[in-house]
Amino acid sequence: LTVLVITHEHPLLFSNQELIALVKTLPRLQELVLNEAPIHRTPPRLTIECLPLLAEVLPDLEWLGLYFDAMGKDLLTPSIRFLKLVVLSCNASPVANFHEVAEYLSIVMPSNCRIFDPEVDDMGDRGDSTHDAFVGPSSAAHGWVVVGELFEMYSSIEIEESKDEAMQGVV
């Protein structure tokens with residue numbers, strides 16, 4: 001199984017540990033979309049700190065859609081990052097502390113990854129009508145636009161620092 005997509009009008013109430021227990025049995029997943037934009041939004045049990053856990057058990061993941069708590073309080077620096085992730089879709093997730101969240105994401109996600117925005121992005125070959133019915137604007141969407149811009153800034157700083165380190169090693 002390389003694709004798992006679940007949509008529902010209510011959030012899936014997984015904890016970080018329950019999510020990892022589920023996906024650990026599916027190590028070849030390339031696309032995991034677990035109701036990232038429910039219509040009826042209640043506080044999620046899943047937190048942003050599930051991301052490095054997912055990176056560890058799903059090394060081939062390219063597209064990730066989740067509804068999680070991204071309030072950015074006292075986040076621990078992740079030690080594992082996604083290698084192949086291209087898209088993170090989470091625009092309905094509650095978000096605050098934009099700088100802290102963006103910095104966290106710049107550590108756990110590759111620099112070429114982007115935060116999906118259904119207001120401006122095309123679904124591409126993922127655009128099926130079942131999924132589209134659940135994607136829509138949320139009060140958190142603007143926050144994710146800000147986080148996305150900050151993520152790009154932090155990622156570009158990280159790339160420049162890596163280039164500087166590489167150049168120092170050559171000299």
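Which residues of strand S2 are buried on one side, and which on the other? I looked at this first, and I found both faces of S2 (residues 31-34) covered, with Glu 31 and Val 33 buried on one side and Leu 32 and Leu 34 buried on the other. I take buried to mean under 20% relative accessible area, exposed to mean over 50%, and partly exposed to lie in between, using a 1.4 Å probe and protein chains only. Helices (H or I, at least four residues) and strands (E, at least two) are DSSP runs, numbered from the N terminus.

I note that this is a predicted model, in which local features need pLDDT of at least 70 and side-chain atom pairs count only at pLDDT 80 or more, while totals for chains, interfaces and linings use all residues. Residues are numbered from 1 along each chain as its sequence is written, and side-chain values use heavy atoms, with hydrogens and water left out.

**Entry: the neighbours of S2**

I looked up the pairing of S2 next, counting two strands as paired if DSSP finds at least two bridges between them. Strand S1 (residues 3-6) pairs with S2 in the parallel sense over 4 bridges, and Ile 6 stands opposite Leu 34 in S2. Between S1 and S2 the chain passes through helix H1 (residues 16-23), and this β-α-β crossover is right-handed, a word I use if, with the strands pointing away from the viewer, the path from the first strand over the helix to the second runs clockwise.

S2 also pairs with strand S3 (residues 63-66), in the parallel sense and over 4 bridges, and here I found Glu 31 opposite Trp 63 in S3. Together with helix H2 (residues 50-57), S2 and S3 make a right-handed β-α-β unit.

**Entry: salt bridges**

I searched the whole structure for salt bridges (a side-chain nitrogen of Lys or Arg within 4 Å of a carboxyl oxygen of Asp or Glu), and the search finds 3. In one of them the side chains of Arg 45 and Glu 18 meet at 3.3 Å, N to O; Arg 45 is in the loop between S2 and H2 and Glu 18 is in helix H1, 27 residues apart.

Arg 28 forms a salt bridge with Asp 60, with the closest N and O atoms 3.6 Å apart. Asp 60 is buried at a relative accessible area of 17%, whereas Arg 28 is exposed at 53%.

Asp 60 also forms a salt bridge with Lys 84, the closest N and O atoms being 3.1 Å apart, and I noted that shared partners join Arg 28, Asp 60 and Lys 84 into one network.
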